[in-house]
Amino acid sequence: IRYADRTFPNGLRAILVPDRRVPSVAINVAYRVGGKDDPPGRSGFAHLFEHLMFKGTARTAPETLDRLTEDVGGYNNAFTSEDITNYYEVVPSNHLEPLLWAEADRLASLNVNAENFATEREVVIGEYDQRVLAEPYGMLDELVNREAYAVHPYRRGVIGSPAELNVASLDDVVAFHATYYRPDNALLVVAGDLDVDETFAMIERWFGPIPTPAGAIPRVHAVEPPQTAERRYEYRAANVPLPASEEAYHIPAASHPDAAALDVLATLLGSGRRSRLYTSLVYDKQVATNAYAAADLREHAGLFGVRVTCARGVALADAQAALAHELERVRTDPPTETE
């Protein structure tokens with residue numbers, strides 16, 4: 001991938017990837033703030049701002065991003081992870097500059113007021129209710145994070161605690177925005193049908209005047225101590241139809257040389273219905289309704305998870321034994337060239 005990389009005087013880093021094959025562009029703004037950066041006792045703040053960033057600015061009404069994208073045949077969305085909050089739009093390439101203006105505008109003059117805070121806090125809490133409490137296995141991801149980490153803030157997850165969100169004040173939210181939403185904490189990537197010099201000029205025009213605050217950006221320096229023995233946790237809920245189990249192994253950060261190998265291993269073991277876990281546990285032995293693996297590579301040390309959901313009438317111990325067999329097999333029976 002050929003790209004142009006520039007850091008502007010206010011600290012904003014921009015990467016441009018020209019690709020003239022289709023007449024559209026993708027604009028992506030990633031802020032280096034995620035669930036791990038939530039203030040103590042205020043989990044869910046990074047996720048909350050994923051929502052607040054769509055609520056309008058001093059110059060624009062709510063849903064302006066929707067009008068600038070959907071009304072011209074494009075789309076927009078956002079997500080929050082443990083390490084970043086990410087915003088993106090895809091539009092016809094002749095609409096690039098209005099979107100760069102809109103992204104700069106919501107960085108510089110977002111409306112963080114009591115009404116928007118109250119509304120979006122309820123939306124985030126509603127997501128917790130829907131995705132964690134209501135879904136049969138929704139609590140599993142929350143518990144894996146919480147139990148796998150002893151001291152690192154990764155243990156709080158991303159979606160946010162309703163109890164902590166409910167006691168947060170508007171001042172807390174304003175302070176969080178001022179701390180992390182600044183040009184030197186953002187990475188802007190534009191890919192598609194673009195001219196590099198023209199696009200850098202647009203970025204300079206709209207993002208360049210945004211000042212950089214004087215204070216340093218707080219960073220998480222917690223180091224998870226080595227785990228010396230297996231830990232187990234059991235959870236029961238009335239809405240879980242079949243037993244499920246996840247094993248989470250500590251792995252290095254995404255910057256580690258082994259990251260790519262772990263990603264390939266996760267694909268080989270448990271990505272899709274041709275993977276080893278699915279073929280063996282679901283098709284051949286029929287002890288599971290689902291089985292997969294994932295290398296959750298993060299800025300700091302992450303987790304490699306392998307999960308199995310039992311077939312009806314199958315004991316969890318039998319499904320776990322079949323899973324253990326496949327984990328041992330991948331050590332002793334390396335992947336073939338076809339795999």
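Which residue does E63 meet in a salt bridge? In this predicted model, the side chain of E63 meets that of R67, with a distance of 3.7 Å from N to O. E63 counts as partly exposed because its relative accessibility is 48%, and R67 likewise counts as partly exposed, with a relative accessibility of 38%. In general terms, side chains of opposite charge can pair when their charged atoms come close.

A search of the whole structure finds 29 salt bridges. One of the pairs is formed by D37 and K36, whose closest N and O atoms are 3.6 Å apart. Since buried means under 20% relative accessible area, D37 counts as buried at 8%, and K36 counts as buried at 4%. Both K36 and D37 belong to a network of salt bridges that also links R32, D83 and E299.

A further salt bridge joins E328 to R331, with 3.9 Å between the closest N and O atoms. These residues lie 3 apart in helix α11, so that about one helical turn separates E328 from R331. E328 is partly exposed, with a relative accessible area of 41%, whereas R331 is exposed, with a value of 67%.

Helix α11 (residues 316–332) also crosses helix α10 (residues 276–284), their axes coming within 10 Å at an angle of roughly 145°, and this crossing of α10 and α11 is right-handed. On the α10 side the contact involves R276, L277, S280 and L281, which meet A319, A322, L323, E326, R329 and V330 in α11. Sorted by class, the contact of α10 with α11 comprises 6 nonpolar, 1 polar and 3 charged residues.

How values were computed
Residues numbered from 1 in each chain as written. Predicted model: local features only at pLDDT ≥ 70, side-chain atom pairs only at ≥ 80, totals over all residues. Heavy atoms only, no water. Axes fitted to C-alpha atoms, helices over the stretch in contact; angles between N-to-C directions. Helix = DSSP H or I, 4+ residues; strand = E, 2+ residues; numbered from the N terminus. Left-handed = near helix turned anticlockwise from the far one by under 90°. Contact = heavy atoms within 4.5 Å. Nonpolar A, V, L, I, M, F, W, Y, C, P; charged D, E, K, R; others polar. Salt bridge = Lys/Arg side-chain N within 4 Å of Asp/Glu carboxyl O. Buried < 20%, exposed > 50% of the residue type's maximum accessible area, 1.4 Å probe, protein only.
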